[in-house]
Amino acid sequence: MKEIVPAPPPVVRNDVAAVQKLFQQHVVPSYGRFDLVLSHGSGSYVSDVTGRRYLDLGGGIAVSALGHAHPAITEALIEQSRKLIHTSNFYFHEPQGRLAQALCGLLGPGKCFFCNSGGEANEGLFKLARKFGHEEGRFEVITTTNSFHGRTLAGIAATGQEKVKKGFEPMVSGFRQVPYNDLDAVKEAISPATAAVLIECIQGEGGVSPARPEYLLRLRRLCDEKRILLLMDGVQDGHFRTGRFQAFQRILEPQSGAEITAAHNSKSNGASGAPDFLPDGLSMAKSLGGGFPMGAFWVRGPYADLLGPGTHGSTYGGSPLACAVALKILEVIQRERLADNARGMGEYLKTGLTRLAQTYPRVFRGARGLGLMLGLELAPDIPNLPEDPSRTQAVRFARLLHAAGVLTIPASGQVLRLLPPLNLRHSEAEEGLATLEAVAAKLAA
Ligand SMILES: Cc1ncc(COP(=O)(O)O)c(C=O)c1O
């Protein structure tokens, strides 16, 4: 990869207080922000306005697939913006058609719809489910506890976390949550009104919890038996983050072990776990646009024309500019074999995190996840962690890591997420582990 180092700002000013004041006065305070004021980045590093540089292992919550300021993204933006930035979806254009072709090629026979975010992509799936069940009066979508599906009204109704719903009741009707990785709970929840089941194959915000292979296989069979759509939210765990295009493809790889064989053997339709398995719909966003706001959903062939003309839309969805960027990202991922890199760097990091958990049991409980979607679970009541009753341990630990020069993403109070760029280098992974170890050693001392 060509190295580019962005020129530093002509005068490095410490504008932290001034920028924060602008936010306090003029920006809706809906986020709990860290103190950092970021200004520019390059690859896996990002700098703040004081000139401090951080190793960005959070990747903007799994968005910056190619890291910061990747020259291929810049070039795609410039080149396409000279030709055509936007057209209404009343017209055809080549980048959208080519991107849909590429995504269907990676997933399976079907069609794509383009939008601008993960929440919007999931809204599309909810509408697909309602359209699918409409004639039979079926509208309900079963989701799982600890899931996260976005901040729209339907998104929070689908999400299995009370904290996102609080204050926004009554919830949009037609969603119910059941425990994750529990097939019997899904079976029990199915009613004559059920139209779909929606899961994340790795729960992200919920703390990086992967689905078990046999859960996915049996869920597929259950949905077939009950004529229910199996929908997946691939917003965070998708786009090669696990080492395969989508997390279900990675989870269902044959080497996932005997569990798959057992589940496979018990399937009456004989479909083998990995090659033939497909959901009926899947949402995407985040790494799809690498930082350019973009979302999409894919619908499997038999249901691909359910949303006919006039039923769904999005002014900016699939603009020539967004699609040109997404196509370029796919090209770089494939050319530079970044899926393999995500798998290899992920293994390396996970092994290192597991070792840290063994060495510092009072600080870390263990590591989980696949590829470059990793969760480091913190031990309860870590000694010497700065007190702040209004903040979770994960947030307080992330602050310590900031001071040591590393960005991570807290999840579910007790987990730190690592969602770095897919082109993370070995030396960067090493640096991240060394920083985590230095912080843990100080706490445990
Ligand atoms: C699994 C999942 N679904 C949906 C969303 C919502 O995506 P967006 O913030 O782009 O609307 C997120 C965001 O973190 C997510 O992790």
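Tutor: Helix H5 (residues 118–133) gives the most to the shell around the ligand, with three residues. Helices here are DSSP runs of H or I with at least four residues and strands are runs of E with at least two, numbered from the N terminus. This is a predicted model, in which local features need pLDDT of at least 70 and side-chain atom pairs count only at pLDDT 80 or more, while totals for chains, interfaces and linings use all residues. Residues are numbered from 1 along each chain as its sequence is written, and side-chain values use heavy atoms, with hydrogens and water left out.

Student: How many residues surround the ligand, and which are the closest?

Tutor: A residue is taken as near when one of its heavy atoms lies within 4 Å of the molecule. In this model 13 residues surround the ligand, and Gly118, Gly119, Asp233, Gln236 and Lys286 are the closest. Sorted by class, that shell holds seven polar, four charged and two nonpolar residues; here Asp, Glu, Lys and Arg are charged, Ala, Val, Leu, Ile, Met, Phe, Trp, Tyr, Cys and Pro are nonpolar, and the others, Gly among them, are polar.

Student: Which atoms lie 2.7 Å from an oxygen atom of the ligand?

Tutor: One is a backbone N or O atom of glycine 119, at 2.7 Å from a ligand oxygen, and another is an N or O atom in the side chain of glutamine 236, at 2.7 Å from an oxygen of the ligand. The side chain of glutamate 205 has an N or O atom 3.5 Å from a ligand oxygen. On its own the ligand has 390 Å² of accessible area, of which the protein covers 81%; such areas come from the Shrake-Rupley method with a 1.4 Å probe, and for residues only the protein chains shown count as cover.

Student: With which side chain does arginine 417 meet in a salt bridge?

Tutor: The general idea is that side chains of opposite charge can pair when their charged atoms come close. The criterion is a side-chain nitrogen of Lys or Arg within 4 Å of a carboxyl oxygen of Asp or Glu. Arginine 417 meets the side chain of glutamate 205 in this way, at 2.9 Å from N to O. The two are 212 residues apart and link distant parts of the chain, with arginine 417 in strand E17 (residues 415–418) and glutamate 205 in the loop between strand E8 (202–203) and strand E9 (209–210). Arginine 417 counts as buried because its relative accessibility is 1%, the classes being buried under 20%, exposed over 50% and partly exposed in between (1.4 Å probe, protein chains only).

Student: How many salt bridges does a search of the whole structure find?

Tutor: The search finds 22. One of them joins the side chains of aspartate 305 and lysine 111 at 2.7 Å, N to O. Aspartate 305 lies in the loop between strand E12 (295–300) and helix H13 (320–335) and lysine 111 in strand E4 (residues 110–115), so this pair ties together parts that are 194 residues apart in sequence. Aspartate 305 is exposed, at 56% relative accessible area, whereas lysine 111 is partly exposed, at 43%.

Student: What is the distance between the closest N and O atoms of aspartate 340 and arginine 337?

Tutor: They are 3.4 Å apart, and the two residues form a salt bridge. Elsewhere, salt bridges that share partners join Arg220, Asp224, Asp280 and Arg300 into one network.

Student: Is threonine 144 buried or exposed?

Tutor: Threonine 144, which lies in strand E5 (residues 140–144), is buried because its relative accessible area is 2%. Its side chain makes a polar contact of 3.0 Å with the side chain of glutamine 203. Such a contact is a pair of N or O atoms within 3.5 Å; within protein, one must be able to donate a hydrogen and the other to accept it, and residues adjacent in sequence count only if both atoms are side-chain atoms.

Student: Where should I look for backbone angles to check by eye?

Tutor: Valine 208, in the loop between E8 and E9, has a positive phi of about 60° although it is not a glycine, and it is buried, with 0% relative accessible area. Alanine 62, in helix H2 (residues 59–62), has a positive phi near 65°. Glutamate 169 and proline 170 are joined by a cis peptide bond, with omega about 0°, and proline 170 lies in the loop between helix H7 (162–165) and strand E6 (175–178).
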